[in-house]
Amino acid sequence: PRLARDTAKTIAEARVLWWMVDRPNLFIKIPATVEGLPAITACLGEGISVNVTLIFSLQRHAEVIDAFMAGLEAAADPSMIASVASFFVSRVDTEVDRRLDALGTPEAKALRGKAAIANARLAYELFEQRFSGPRWQALADRGARVQRPLWASTSTKDPSYRDTMYVEDLIAAHTVNTMPEATLHATADHGVVHG
């Protein structure tokens, strides 16, 4: 986090961590700041797998996908690189719900708890669009793997919400859901997979 606004130091730290850990399943976490975007590209270009974190908006998600593809285009062997784009979910509802509560209208109250899932679904739609065009196909032909959307912050913060809503409502192909332990147990106990 202390390097989130410093591209050069982020790249240097990623290189050191990649070398020190020396495991094929390692992902170096890089925040999706403006300064993080070129670091993401550089690291992926060097064959360093990246977990791009703290994505909240569709615009930033699009920029992250572009940084990912640019990195793979520069890589000697993109088939050896993995990446996830960590898109934060419940924190969006926390902020939007706070603003809706401030409005205090019945219409505003009816919208509580809906923004985060809608935002994540739009992010998934963007993922599907970007990983189906000619730019992606050229990378896939070289053995590249998609940058999987990772749903982060998936525990409900409002006790009136279903404790599995950020899991059940976001199940989709190629996604990862990083559930906290309580959410994992709730999903195993009474979660419903819609098919």
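The following legends describe close-up views of a predicted model.

**View 1. Packing of helix H3 against helix H6.** Helix H3 spans residues 58–74 and helix H6 spans residues 115–130; their axes come within 10 Å and cross at roughly 30°. Angles under 35 degrees count as roughly parallel, and H3 and H6 are therefore roughly parallel to each other. The crossing in which H3 passes H6 is right-handed.

**View 2. Residues at the contact of H3 with H6.** From H3, the residues Leu58, His61, Ala62, Ile65, Asp66 and Met69 take part, and they meet Asn119, Leu122, Ala123, Leu126, Phe127 and Arg130 of H6. Sorted by class, this contact of H3 with H6 comprises eight nonpolar, two polar and two charged residues.

View 3. Ile30 lies in strand S1, which covers residues 28–31. With a relative accessible area of 1%, Ile30 is buried. When neighbours within four places in sequence are left aside, Ile30 is in contact with Thr10, Gly36, Ala39, Ile40, Cys43, Val50, Asn51, Val52 and Thr53. Pro1 is 29 residues from Ile30 in sequence, and their C-alpha atoms are 8.4 Å apart in space.

**View 4. Ile40 in the largest nonpolar core.** The largest nonpolar core has 45 residues, of which Ile40, Phe131 and Trp136 touch the most other members. Neighbours within four places in sequence again being left aside, Ile40 is in contact with Ile30, Pro31, Val50, Val52 and Ala67. Val50 and Val52, listed here for Ile40, are also among the contacts of Ile30.

Definitions and conventions:
Residues numbered from 1 in each chain as written. Predicted model: local features only at pLDDT ≥ 70, side-chain atom pairs only at ≥ 80, totals over all residues. Heavy atoms only, no water. Axes fitted to C-alpha atoms, helices over the stretch in contact; angles between N-to-C directions. Helix = DSSP H or I, 4+ residues; strand = E, 2+ residues; numbered from the N terminus. Parallel < 35°, antiparallel > 145°, perpendicular 65-115°, else oblique. Left-handed = near helix turned anticlockwise from the far one by under 90°. Contact = heavy atoms within 4.5 Å. Nonpolar A, V, L, I, M, F, W, Y, C, P; charged D, E, K, R; others polar. Buried < 20%, exposed > 50% of the residue type's maximum accessible area, 1.4 Å probe, protein only. Core = buried A, V, L, I, M, F, W, Y, C linked by side-chain atoms within 4.5 Å.
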